Amino acid sequence: TLPWAARYDKCGPGGAAALCDSQKYDGKCWVEREDFTPAVKQDDLVGGQAKWHPGPKVHRARGRALALSVLFMLQHALDKWEELGTESGHPVAEEHWHVTDFYNGIKEKVPTVDGCYPGWKIGVTRRGLRETNQTDGRRLDLEGEWPSRLCNIPMQGRTLWGPRNNPMESSLLSILKPNAFGDVDPNILGSPAYMKGPDYFPPDRAAPWSTPPEPEVNPWEIAGSRRLLDNANASSAQQINSGNILSGIEKENLPSAEEEAIARGKVNATALRILAEDPDAIVPGLGIDVKWGLSGVCDGTTHAWCERTKDVKCLYSAAQDNRGVICFNPLSGWVVFDVKNVKNGFIGARIEAWRGAGEIETAKGWKEVNNGGSGNYKKEGLERHLLQKAQQERDARYVEEMTNRIEEDMLLDDSSPRRLGGGQSCGASGDYIFEFAINGKIVASWDKDAFCAHYTRTGYNMDL
């Protein structure tokens, strides 16, 4: 009989293929544990399972093959290092390990390699855009101008999408300039999603569907015979999560976010005065919506602990796909980024212009820019509590909507052309003015037609 790990892996045509397909997905959503019970009923199966996806067996096999390759190469390098060190002493001579010649060889070959598109060599100066009569609008094509240097130079970037390495440092929020009250996110809950503690702590209980039965070889026991250490911040994380449970008196006596900012010494008096005197001044606005998406550490590693909260419907999915966004409308004020080390004169931004102005709940009910220069920072007591509750509900809705969109994308049949349309447009109905500034001076003021002329679709869900 076949070993457990090889069963249902490769099947012939006909009924055998159907048998393999029926065993492709084995992931479930929860294994009972004594120290935590989810607040919502867990789904039976992990979502996003499509017949054309490889499935976990293929991913596991490929992942372990890659890991073995790395381990074999590392072993070879260590053996070579020991051999050379024994022969000539340490440190090992530079000629045995320096990579300058290797890198130079790559640089010499680069000009002969196709660039961003087949048939277009790197360094060619013209490749760009043309108007199409398709629903996907402007697309990269043969005519017009498009900066070829985008294929030639290293780019720096920040995002709220994930998973990504170093979530804090690579966050778009890391270059968003703080507002007059010292916040990059004017969400008056005060604790960013990255810092929100989980509701239970690693490790998960072993999943019986992925654990080989005795006496099969168990790679988990071979390569992962350690337990993750207890989280030293467990108690503080639990306190953070329970901090929103307030008594009636506590709700009525909640101080305003402005008072808290003053107590922290974070208020920028100059910026606050400018906001009050000139609503059009280029200083960070108070009506921005930061939708963080998933909470926790979502860094793409196997030991990430991402979105482990009691309201998740499939805690064992371990999905780290995240699409956080920074949203603003005409009443939000300016969104100001501190973009450093610009060397080649190109700054691009992915923008979801198809979103409606009503989605900006921070500025809900406002009649003027920045709500007269105070945003929501003066709300206190029960009014602030209700605003906090509304923000929590908003964040939960966004995570659910985002997860559903991601699953819809996963279920796209890759054998057909990727969706380039998706109903997106270059803005809401009616006209508007889109302005941007560099170093505090407005350099462009586009009406809707001008904005649309610059708004470029480079691929599905990628409008620049």
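What follows is a short chat about a predicted model.

User: What are the ground rules for the model and numbering?
Analyst: It is a predicted model, where local features need pLDDT of at least 70, side-chain atom pairs count only at pLDDT 80 or more, and totals for chains, interfaces and linings use all residues. Residues are numbered from 1 along each chain as its sequence is written, and side-chain values use heavy atoms, leaving out hydrogens and water.

User: How many helices and strands are in the chain?
Analyst: The chain has ten helices and twelve strands. Helices (H or I, at least four residues) and strands (E, at least two) are DSSP runs, numbered from the N terminus.

User: Which residues of helix H7 are buried?
Analyst: In H7 (residues 257-264), Ala 257, Glu 258 and Ala 261 are buried. Buried means under 20% relative accessible area, exposed over 50%, and partly exposed in between (1.4 Å probe, protein chains only).

User: Why do they line one face of the helix?
Analyst: Seen down the axis of H7, the buried residues fall within an arc of 100°, so they line one face. The arc is taken from the directions from the helix axis to the C-beta atoms. An α-helix has 3.6 residues a turn, so residues three or four places apart point the same way.

User: What is exposed on the other side of H7?
Analyst: Ile 262 and Ala 263. Gly 265 follows H7, with a positive phi near 70°.

User: Switching topic: where does Val 58 lie?
Analyst: Val 58 is in helix H2 (residues 56-88). Val 58 is partly exposed, at a relative accessible area of 22%. Its C-alpha is separated by 7.8 Å from that of Asp 9, 49 residues apart along the chain.
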